[in-house]
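Please read it with the structure open.

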Amino acid sequence: MTSELFKEITQWQKETFPHGSNVSKLKHLEEEIVELMEELKSTSPNSQNIKNEYADCFILLFGSAHINGYEYDDIVNLIRDKFEIIKKRKWGKPNEHGVVKHIKEEKVDEEKELWDEFLRK
């Protein structure tokens with residue numbers, strides 16, 4: 001996606017659905033994800049229906065982000081920053097649905113650590 005296409009899509013959404021909110025777009029996205037999953041189960045991976053469902057999902061997600069104040073460059077930067085975090089994580093094993101989640105590391109409570117250090121003195 002280009003910045004120009006992002007602007008065209010979000011402007012069209014604003015004009016066509018003036019009462020749409022970031023939440024309403026996400027609710028619609030939920031429905032589109034179900035449609036995408038159904039298509040993935042029943043159609044060849046390169047079918048036009050699957051391509052269209054993916055596009056619907058991206059359009060709705062980008063529209064929601066835009067209503068929340070994010071522009072194209074913001075989204076690209078958010079994705080880049082999050083990807084750097086994701087690459088450093090350790091990953092578990094897939095569950096029964098094939099979903100793999102990251103292993104959460106225990107976070108040290110800095111205040112508690114400082115307090116404990118103070119008490120040891």
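The points below cover a helix pair, a pocket and an aromatic pair.

1. This is a predicted model, in which local features need pLDDT of at least 70 and side-chain atom pairs count only at pLDDT 80 or more, while totals for chains, interfaces and linings use all residues. Residues are numbered from 1 along each chain as its sequence is written, and side-chain values use heavy atoms, without hydrogens and water.

2. Helix α1 (residues 3–16) and helix α3 (residues 48–67) have axes that come within 10 Å and cross at roughly 75°. The two helices are therefore roughly perpendicular to each other (65 to 115 degrees).

3. In the contact (heavy atoms within 4.5 Å), F6, I9, T10 and Q13 of α1 meet I59, L60, F62, G63 and H66 of α3. These residues divide into 5 nonpolar, 4 polar and no charged; Gly counts as polar.

4. The largest pocket holds about 190 Å³ of space. A pocket here is an open set of points on a 1 Å grid with protein on both sides within 12 Å along at least five of seven lines, and lining residues have an atom within 4 Å of a point.

5. Among the residues lining this pocket are W12, Q13, F17, K25, E32, D56 and L60. The largest share, 4 residues, comes from α2. By class, the lining has 4 nonpolar, 4 polar and 3 charged residues.

6. There are 4 aromatic pairs in the structure (ring centres within 6.5 Å). F6 lies in α1 and Y72 in helix α4 (residues 72–88), 66 residues apart.

Technical notes:
Axes are lines fitted to C-alpha atoms, for helices over the stretch in contact, and angles run from 0 to 180 degrees between N-to-C directions. Angles under 35 degrees count as roughly parallel, over 145 as roughly antiparallel, 65 to 115 as roughly perpendicular and the rest as oblique. On a 1 Å grid over the protein atoms alone, a cavity is a set of points where a 1.4 Å probe fits but cannot get out, and a pocket is an open set with protein on both sides within 12 Å along at least five of seven lines; lining residues have an atom within 4 Å of a point. Grid points are joined across faces, edges and corners, and a volume is the space filled by probe spheres set on the points. Rings of Phe, Tyr and Trp (its six-membered ring) pair if their centres lie within 6.5 Å; planes under 30 degrees apart count as stacked, over 60 as edge-to-face and the rest as tilted.
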